[in-house]
Each structure stands twice: as C-alpha cells, then as structure tokens.
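Student: I've got a structure to go through today. Can you walk me through it?
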Amino acid sequence: MTAELIHRLHFAFTVTFHYLFPQLTMGLGLLIVVLKTVALRRGNPAWDRAAHFWGRIFGINFVFGVVTGIPMEFEFGTNWAQFSRVSGGVIGQPLAMEGVFSFFLESAFLGLFLYGGSKLSKRMHWFSAVMVWLGSWISGFFIIVTDAWMQHPVAYNVVNGHYEVTSFWGLLLNPWALLQYMHNMTGAVVTGSFVVAAVGAFYLLEGRNQEFGKIFLKVGVVAGLIASIVIIFPTGDLHGKYVAKHQPVAMAAMEGLFHTEKGAPIVLIGQPNPETGRIDNPIVIGNVLSFLIYGTTGAEVQGLDQFPRDQWPGAQPLLYYAYHIMAGLGTWFLLLMFVSAFLLWRGKLYSARWVQWAVLLSFPLPYIANTAGWMTAELGRQPWLIYGLMRTSEGFSHMVSAGNGLFTLLGFMGLYALLGLLFTVLVYREISHGLGAATTTEPVHTAGM
C-alpha cells in the first residue's frame, strides 16, 4: 500500500470510530432537554430521573468522544502536513471555535447538569441541560463548517500559496455547510431516538423499569418519527440537489449513473461495474432521479461519461454502496417509526412485543447509516482534498512513510479496541442498573425555583 492510502485509512478509521460518540451526544442532548422540559412543566419526578439517567449516558459518550477526537487534530499535522500548511489559515479558525464550545461550554454545563441537581434551582438545572445541548450542536456546526469548506470552498483568497479567509461570516454561512449541518444533526437525532427507544423496549421486554421503559419508548418513537421524516425531506432532498449542482460527478457515482440520460432512473438494487460502465442485475424506477434533482421527469442528468476518468471518485463502487446503504436504512427508519407511532397512538405499542424487538434490534442501524453518510460525503469529494483546489495526493505528509503510518494505525486500532470495550462495559452497567421503581422516586431538586 502507498503512503497516501495508509494516511487516508488512518484518518478514516479515526474519524469513523470517533463519530460513534458525538452523534449520540448530539441526539441525546436534544432529547434530554425534552425530558427536562416535561419534568419542569408537569412537576413529574419520573421524567426528571429519566433525564438524569440519559445525562449519565451522555457524560460517558462525551468523555470517549473527546478522547478519540483529540488525535484527529494532531493527524492534521502528522499525516496531512501539506494540507495543513496551505489551508491552516482557513480551517484553523472553525476548529479552534469547535474546541472552545466543546471543551468549555459543553463540558462546563455538563458538570453542572450531572452534579448540580441538588444545588441548582429547577430552572437553572433545566438551563444547564439546554446549554449542554447547544454546546454539542454548536461544536458540531464548526466541524461541519470545516468539512464544508473542503467540499465547497468559499470566502477565501490565495496569498503566497496559502489559503486565507476573506470573510469569516462567509465561511460560516457557506450554503454547503448549512445544508450539510441540517442533514447531519437530523441524523444525530435519529441515532439518539433509536437508542432511547431501544433501551425503553429492552426494559419492557425484560419486565422491569416499566414506567421508565414507556417514557423512553414514547419519547424515542415520537422524536424518531419526526427525525426520520426530516432527514429525507427537506434536509436530504436539499443536500442532494446541492451535491448534484456543485459535484455532479459525485452524484453520478453515488447513483451509479455511467451515462448521461434524459429521464434518468433511480437504482434500487444493482452492482456497479466500472469496467463495463453499467449496473449489473439492476432494479430501477425510470425518471425518478431526474425528478428528484430537477423536479421534472424528462430532465437530463450528467453521467460519469461526461467527466475525465481522473476526476471520478477513486472508490466508485464503495461510494455507490455507502450511499445506497444510507438511503435504504433511512427508508427502514421511517417505516419502523411510522408503525411504532401508529401503535403508540392506538395505545398498543407497550404490548406489541414484536415491534419492541424490532426497535431494540434496530438501534445499531443509525450508527451504520450515519457512518455510510460520512463515507458518501468524503468518498464523493475524491480525488480532491479541497474540491477543485488541491488533490488528495498533494496533501498528505510525504515525510511519514507507509510503514510508519501503518505502525501507528495498528496501534490506534488496538488502543481503540480497548476503549470500545471499556465504553461498552460502562454503558451496559448504567443500563443494567436501571432507574428503580418510578413510584418510589423522590424529587431530585431541593432548591427553590
């Protein structure tokens, strides 16, 4: 393997493992605010204890997210020194802001939320939950801004071979960043909703923590249904149209469209074959791709044949499968949450064990879908590191050999395996310990409002 491939695998492994944690904290942050708001308005201690329970899960995820995220900052200097040298004047600013909101705002209020329940008023404790949520989402925004500039560079100038920001607001308001952020945050809510609903289903199936199980399942299903709709329309739809406009070669590769067509079909199932330039064993629906992109069934959609081969995403089949896995799982999320919400509305969800099993077994799927979504975005940008400005082959650290890169990659894999095991044990202990009987719950707060 070449040094470039090793460095790409190194960063891909690090970011994929790291993103298992913040996608849950960003989703849980919103759901904890929902639980705290209901507890505050109704004076219901059970909902307050539910929020505390998920606050502890949030805290574990936050710690592991920070630990696994810090190495990525260093990898910009070690594995991608050429990229950092020319673009540090741009990406350094949003990354620094992300650190401020993650390490100071989010962590400070998380401490107040976890340990200030008996000392803060109810409103101040609710406020700390809101700030934890905002901290996690603002932190995520600056990460998206960084990635969006690599996908769609704006508000920059070139000075002595280096990229510099000409407008910080222009960088923050990059249309690509806004669309990607809405889609990404909705994906995080899907993950949080499925995890909360799955733990609720687990308690109901186990026959313990029944009242909390019903709260978790109800909140998870309602939030999951809303997020599963929004992630398709409007966020996914708008982001897809923007990709088609500014990265048409990526869209063609995602859809497996090798040839330009009017009334282009959408491929439901099939294997892309770059050698023959076609989809093997396809099941397609005619005109749908043209309609989704341009709003009319007869519109022409550019295929891969319109672009030089050296501008095709290098791992086109992997990109195609990642995109279809994400889209297919999104359809499953909507179907499962729609059925669950219908049964909840009819008062039958808490006795429908087959649906509870489906919800429980589906909790890993949003992690897979979100990972596939990141792969779609990053593989689609290839062969560019900064789209249209710098190729990936120009950005890695030539001084770090393939052997050295492989050595540290194996070390990261071993260390992260231990971290993953420790994380699993800690979260399992929290879930297996449960919350006790809701009827014996005492209010957490003693301070006045």
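Tutor: We'll go from the whole chain down to single residues.

Tutor: This is a predicted model, so local features need pLDDT of at least 70 and side-chain atom pairs count only at pLDDT 80 or more, while totals for chains, interfaces and linings use all residues. Residues are numbered from 1 along each chain as its sequence is written, and side-chain values use heavy atoms, leaving out hydrogens and water.

Student: How many helices and strands does the chain have?

Tutor: It has 15 helices and 8 strands. Both are DSSP runs numbered from the N terminus: helices are H or I with at least four residues, strands are E with at least two.

Student: New topic: helix α2. Where does it run?

Tutor: α2 covers residues 22-42. Its 21 residues reach 30 Å from first C-alpha to last, close to the 30 Å expected at 1.5 Å a residue. That expected span is 1.5 Å times one less than the number of residues.

Student: Is α2 mostly covered or mostly open?

Tutor: Mostly covered: 15 of its 21 residues are buried.

Student: Which residue follows α2?

Tutor: Glycine 43 does, and its phi is positive, near 60 degrees.

Student: Now lysine 262. Buried or exposed?

Tutor: Lysine 262 counts as exposed because its relative accessibility is 64%. It lies in strand β3, residues 261-262.

Student: What is lysine 262 in contact with, leaving aside neighbours within four places in sequence?

Tutor: Ser290, Gly298, Ala299 and Glu300. Contact means heavy atoms within 4.5 Å.

Student: How far is lysine 262 from glycine 69?

Tutor: Their C-alpha atoms are separated by 44 Å, and the two sit 193 residues apart along the chain.

Student: Last one: methionine 1. Where is that, and is it buried or exposed?

Tutor: Methionine 1 lies in the segment before α1. It is exposed, with a relative accessible area of 65%.

Methods:
Buried means under 20% relative accessible area, exposed over 50%, partly exposed in between (1.4 Å probe, protein chains only).
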